[in-house]
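User: I am new to this structure and would like a close look at a single part, followed by its wider setting. Please keep the account plain and define the terms as they come up.

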Amino acid sequence: MRIRSSRHWRVTPDKIPMSATVSASGESSLLVRSVSASYSGQLGPAALEEEEEKPETGMDKTRLALVLMGAGLVVAVIVIIILSVVLVEPSPKCDDDGSLITPSYRLQDSVAVTEGLSGIRRENLKEYHRFLSEKPHPSGSERDGVDIVNFLENSLRESGFDEVKKVPYLLVHPLPDPEHPNSVRLVADNGTVLLDAKMTEDKIPGIDTDIGPAYLAFSARGTVEAELIFVNYGRYEDFDKLETLGISVAGFICLARYGMGTRVEKVRICEERGGIGAILFGDPMDMAPKGENFVFPKSLYVGGSAMQRGSLDFSQDSETPGYPSIPEAVRIVDPPGLPKIPAQVIGYDDAGVLLKLLGGPDWAVKGGFNFTYRTGPFASSHKGEKVRLSVNNIIKRLVVHDVIGIIRGSIEPDQFSVTGNHHDAWGFGASDPSSATAALLEASRTLGAMVRRGWRPRRSIVVAFWAQEEVGRAGSREWVEENICLLTHGAVGYVNIDTCADGPLFASEASPSLRNIIYKANEVFPVVQKTCARATNDCQEADMSSFIDLPGQASDNVVFNTFAGIPSVDIFFKPDPKVDGVSVAPYYHTAYETLELYQRFVDPDYAIMERCSQLVGALTLSLAEAELLPYNMVDLGQALQDGFGDLQTHLEDFAAHNVSADWLKKEIELFVQEADSWHKWISDRKSFDLGTLRFVNERMMLVERAFIKPDGLMGDPTIRHVALGASMEDSYKSVIFAMLRLQLYYVSRMKPGSKEAAQAWFDIARHVNDIALAVRSARMMMDPNRAV
């Protein structure tokens with residue numbers, strides 16, 4: 001921070017007295033205390049009294065004393081001026097209208113970086129990681145809910161955080177029934193069981209991999225029996241292709257492979273198209289691309305019994321949509337939106353047996369099995385055989401705890417950054433989440449150490465370890481819902497760190513307005529911007545922007561983005577396809593995601609975790625320390641333009657159904673113009689008084705909030721962002737105007753001119769109207785002369 005004055009006085013952190021405090025109004029008194037300390041003993045009553053104590057011996061002596069006193073005052077003033085220039089260093093100038101602030105924050109100059117984050121230690125990371133990953137800690141277990149939670153709470157307290165608390169929520173939690181396990185069986189027409197699929201992974205001698213049976217949380221309970229239809233990745237386009245082939249899944253069980261989207265969409269679309277059950281598996285192409293003889297413990301690949309567990313509800317605690325799940329809250333019985341069909345995961349060994357039974361057309365797709373992938377149903381040679389799918393998961397209500405730590409800011413403590421990671425796992429969780437949990441703990445330790453030495457950020461820092469992310473992203477969702485008013489007022493951004501290390505290749509996701517801080521963090525803690533094939537040492541350079549996607553749709557950032565309108569960033573290191581042959585970790589959510597696998601094949605020297613910890617700390621500081629929030633509204637405008645460009649093929653349909661696409665286009669163009677003018681105004685102004693600086697920052701925060709529709713989209717109170725949402729093509733990813741694209745897809749499947757289609761087009765028109773109004777409201781926030 002720079003304070004402008006007529007003498008260009010400079011205040012450096014090393015010259016600020018450690019006793020300096022923050023005034024009750026929140027404004028720093030550091031400068032006043034620094035200057036006062038510089039003058040101490042140079043001028044004041046004591047100096048004058050010393051002269052007055054000399055005895056008077058006559059008029060000449062009196063005149064002499066007065067002359068000497070006057071000369072002394074002149075000398076004192078000169079000394080004061082010299083000391084003012086010498087002792088009070090960086091900053092600016094104090095104009096007649098008060099102190100002005102010249103935003104000059106540079107991450108690389110921050111003492112919290114040079115003396116704090118630079119002190120991150122790999123041995124600390126390794127010890128944190130060992131404790132977190134040595135035993136399974138799924139949500140709802142004593143290991144997670146007691147041991148891990150208490151460890152996180154105590155670690156933040158020991159680090160020196162001002163406030164640490166455990167925040168409880170009462171949440172719905174599906175669990176497998178130990179008395180009635182789930183099953184997938186192939187049965188003959190006479191009832192003989194021909195295949196009983198494994199529900200747990202194969203054991204590995206000498207390595208603990210026991211995490212219990214695999215299941216899909218929030219699957220419907222029940223038993224269904226039918227033949228299979230292979231639906232490839234279970235995307236809209238896959239189901240549409242089956243329809244063009246004259247194949248319907250109605251009355252069948254869908255068999256889908258993981259990849260190209262979330263498990264939620266695979267099961268939901270199967271249900272929509274009439275499927276009565278769903279079975280998911282990981283293709284050996286993605287799980288063991290170098291063959292089943294080269295799997296863990298020989299490599300990071302996994303064998304044919306490995307199963308990716310997961311949730312079929314990404315919304316929240318389904319009983320309290322849009323409000324916090326505290327004990328007193330009203331709960332919805334039989335909440336909508338959950339699957340109505342049973343679903344279960346199996347390993348690829350058993351999936352291969354089932355795929356070989358299928359007849360029908362060739363899918364003409366690439367896979368890891370050495371036979372043709374066919375659509376199904378069963379070939380005539382297997383007439384009478386059926387798959388019996390039984391899901392018996394039980395529902396419990398459990399109290400889980402978020403762990404929240406706070407470092408209070410020195411100047412604007414009511415504003416804050418939030419940095420979060422979840423603490424629950426599907427098993428040992430060595431990568432997801434424990435590599436990130438350890439990284440955030442170590443970054444927090446260094447920041448807490450700086451607080452004890454007298455440093456404080458400009459804004460407050462909130463560090464959060466979320467509960468029950470793996471089962472519906474519930475912990476972060478409930479906390480945001482409970483604190484929505486404070487977050488709307490004070491949250492300047494969210495830094496998410498779900499998994500630090502699955503491989504060597506850096507990747508990130510960010511709201512368009514916050515892409516800049518990833519570049520800045522990379523300048524201080526650089527990551528390799530190239531990929532190399534180990535065998536040939538063939539390296540390719542890559543522009544940093546190629547590593548930044550829109551915020552994902554499968555982690556704790558989602559509630560901040562789509563419910564609260566708070567921009568976010570997320571960083572992680574993933575497998576390099578040129579090195580590992582896969583782009584997603586094969587062991588993800590399986591029993592083999594162990595400490596042994598991580599230390600042998602992912603990050604043996606903890607260098608990746610170290611860099612991840614430094615980066616997440618740097619991103620946090622970028623939001624908490626910068627005088628001027630590092631938002632870029634030009635990038636946001638470009639994202640809106642790109643999103644509208646993707647709608648070009650629908651413009652004729654818009655016109656035919658009286659949808660005002662031209663208005664939306666105009667509002668986006670005006671937003672882009674206003675964004676350019678806004679940043680030019682900031683650049684030209686250069687310096688701000690504290691009130692104007694606060695005005696500028698809050699206006700940029702309101703630009704983000706303007707895209708929130710309070711009552712939600714399409715009847716869903718948990719999804720409120722009119723611009724950002726899950727992609728139809730890959731629902732792990734985001735696209736601009738996601739809900740509009742989904743509406744257009746569904747109306748394309750309706751009979752033209754029908755009452756259903758007419759209502760759908762009316763809904764589309766209303767949604768386009770909502771988007772245009774949101775863009776309009778957002779651009780109004782960037783008019784510095786507009787009060788109302």
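Where is the place of E625?

Analyst: E625 has its place in helix α18. Two notes on the source come before the details. This is a predicted model, in which local features need pLDDT of at least 70 and side-chain atom pairs count only at pLDDT 80 or more, while totals for chains, interfaces and linings use all residues. Residues are numbered from 1 along each chain as its sequence is written, and side-chain values use heavy atoms, with hydrogens and water left out. Helices (H or I, at least four residues) and strands (E, at least two) are DSSP runs, numbered from the N terminus.

The relative accessible area of E625 is 12%, so this residue is buried. Buried means under 20% relative accessible area, exposed means over 50%, and partly exposed lies in between, with a 1.4 Å probe and protein chains only. Setting aside residues up to four places away in sequence, E625 touches Y105, S110, A112, W455, P457, R458 and R459; contact means heavy atoms within 4.5 Å. The side chain of E625 makes a polar contact of 2.6 Å with that of Y105 and another, of 3.0 Å, with that of W455. A polar contact is a pair of N or O atoms within 3.5 Å; within protein, one must be able to donate a hydrogen and the other to accept it, and residues adjacent in sequence count only if both atoms are side-chain atoms. From C-alpha to C-alpha, E625 and S417 lie 9.5 Å apart in space, although 208 residues separate them in sequence.

The helix that holds E625 also meets another helix. Two packed helices are described by the angle between their axes and the distance between the axes. The axes of α18 (residues 607-625) and α5 (residues 122-133) cross at roughly 100 degrees and come within 10 Å. This makes α5 roughly perpendicular to α18. Axes are lines fitted to C-alpha atoms, for helices over the stretch in contact, and angles run from 0 to 180 degrees between N-to-C directions. Angles under 35 degrees count as roughly parallel, over 145 as roughly antiparallel, 65 to 115 as roughly perpendicular and the rest as oblique. On the α5 side the contact is made by R122, L125 and H129, and on the α18 side by A607, M609, E610 and S613. Sorted by class, the contact of α5 with α18 has three nonpolar, two polar and two charged residues. Here Ala, Val, Leu, Ile, Met, Phe, Trp, Tyr, Cys and Pro count as nonpolar, Asp, Glu, Lys and Arg as charged, and the others, Gly among them, as polar.

Next comes a sheet elsewhere in the model. Eight strands form an open sheet with mixed pairing, in the order β4-β15-β17-β16-β18-β23-β19-β22. The edges are β4 (163-175) and β22 (548-549), each with a single partner strand, so one side of each has no neighbour in the sheet. Two strands pair if DSSP finds at least two bridges between them. Strand β19 (residues 505-510) is joined to β23 (residues 568-574) by six bridges in the antiparallel sense. Within this pair, F506 has F573 as its bridge partner, and E509 stands opposite D570.

Helix α11 (residues 434-452) touches β15 (394-407), β16 (412-422) and β17 (459-466), and its direction makes about 150 degrees with that of β17. Helix α12 (residues 474-482) touches β4, β15 and β17, and its direction makes about 120 degrees with that of β4. Eight of the nine residues of α12 are buried, W479 and V480 among them. The cover over these buried residues includes β4, β15, β17, α13 (484-490) and α15 (557-563).

E319 is in the loop between β12 and β13 (343-345), and at 9% relative accessibility it counts as buried. Its side chain makes polar contacts with the side chains of R331, at 3.4 Å, and R397, at 2.6 Å.
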